[in-house]
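Hi everyone, thanks for coming. Let me put the sequence and the model up on the screen, and then we'll walk through a few places together.

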Amino acid sequence: MANQDKVTAVSLRERKRGGEKIVAVTAYDVTFARLADRAGVDVVLVGDSLGMVIQGHANTLPVTLDEMVYHGRNVARGVAHAHVVVDMPFLSYQASIEDGIRAAGRLVKEGGAESVKVEGGEEVAELVARLVAIGIPVMGHVGMTPQSVHKFGGFKLQGRGEAQARAIVAGARALAEAGAYSVVLESIPAALATEISATVDVPTIGIGAGPRCDGQVLVMHDLLGLDPDWSPRFARRYAELGQAAHKAFVAYAADVRASRFPSKKESFT
């Protein structure tokens, strides 16, 4: 029988009406996906941010569809309650609608995705409508869209100018009208995010977009402090796991070199 408490695209969309905030976090493997799910988060996003935090690239552009399928499948195995969203990577949907449908289909069929996320506004609205029509829920993403990093000249706040702000609003509206069940707002002024949240009839998920969005998402590495040298302004570090891991590795190495590990307790007879 289906899990009656399972979070779905439908139940997430309904949160807008009830005013209940949506909690989302990224994960890239079964262990952290399971931990996030057991903590009660609503959405586990398999982000193409894995290109930076897992693979060590300077941006998300090198990530392939095969890699997203692989990480999505691993995350899905660890999730029982949360809704699993998988990013559509760069150039898996920009060339044609048909490319996008095939890529999204693979993420669902092979990657365990319960919905997919696409970056862009009006220019991807037709794809969103087609995906929704064939049964694949879509999360939109406007503002600072990382796959357009070169167009923006870096990871920069978007929407400060009037023309750019109006384009972002129009993009969010187009996504909602096309059938997206939610829209990520990334790195835009809080006032603009507030306007969009009041304008569209689907939940907005903020990251660097202020407190008035209908939910929030953070990259798990930022939230957990896994990289002691990186802390973006919009993130809050809820732990310092990077420092804790460093101390554990140092202690382990010292015990091995001093013949303190393994002990009799950790050995077999």
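Let's start with what covers the buried residues of H4: the cover includes helix H2 (30-38), strand S2 (43-46), H3, S3 and H5. Helices here are DSSP runs of H or I with at least four residues, strands are runs of E with at least two, and both are numbered from the N terminus. Buried means under 20% relative accessible area, exposed means over 50%, and partly exposed is in between, with a 1.4 Å probe and protein chains only. Before going on, please keep in mind that this is a predicted model, where local features need pLDDT of at least 70 and side-chain atom pairs count only at pLDDT 80 or more, while totals for chains, interfaces and linings use all residues. Residues are numbered from 1 along each chain as its sequence is written, and side-chain values use heavy atoms, with hydrogens and water left out.

So which residues of H4 are buried? They are Leu65, Met68, Val69, His71, Gly72, Asn74 and Val75.

Gly111 sits in the loop between H5 and S4, and it is buried, with a relative accessible area of 1%. Beyond its neighbours within four places in sequence, Gly111 is in contact with Val69, Gly72, Arg73, Ala76, Val86 and Arg106. Contact means heavy atoms within 4.5 Å.

Where is Ile188? Look between strand S6 (182-186) and helix H9 (190-199). Ile188 is buried, at a relative accessible area of 2%. Setting aside neighbours within four places, Ile188 is in contact with Gly143, Leu157, Gln158, Ile168, Ala193, Ile196, Gly208 and Ala209.

On to charges. Side chains of opposite charge can pair when their charged atoms come close. We call it a salt bridge when a side-chain nitrogen of Lys or Arg is within 4 Å of a carboxyl oxygen of Asp or Glu. How many salt bridges does a search of the whole structure find? Twelve.

One of them joins Glu114 and Lys6, with the closest N and O atoms 3.0 Å apart. This pair links distant parts of the chain, 108 residues apart: Glu114 is in the loop between helix H5 (97-109) and strand S4 (115-117), and Lys6 is in the segment before helix H1 (9-18). Glu114 is partly exposed, with a relative accessible area of 30%.

Another salt bridge brings together Asp87 and Lys117, at 2.7 Å from N to O. Asp87 is in strand S3 (residues 83-87) and Lys117 is in strand S4, 30 residues apart. Are these two buried or exposed? Both Asp87 and Lys117 are buried.

Arg166 and Glu195 also form a salt bridge, with their closest N and O atoms 2.8 Å apart. Arg166 lies in helix H8 and Glu195 in helix H9, so the pair ties together parts that are 29 residues apart in sequence. Arg166 counts as partly exposed at 35% relative accessibility, and Glu195 counts as partly exposed at 28%.

Last topic: pockets. Rolling a probe the size of a water molecule over the atoms shows where empty space is left. On a 1 Å grid over the protein atoms alone, a pocket is an open set of points where a 1.4 Å probe fits, with protein on both sides within 12 Å along at least five of seven lines, and lining residues have an atom within 4 Å of a point.

The largest pocket is lined by 33 residues, and Glu186, Asp222, Trp230, Pro232 and Phe234 lie nearest its centre. Helix H3 (50-53), S6, strand S8 (215-218) and helix H10 (220-224) are the elements that give two or more residues to this lining.

In the second largest pocket, H8 gives the most to the lining, with four residues.
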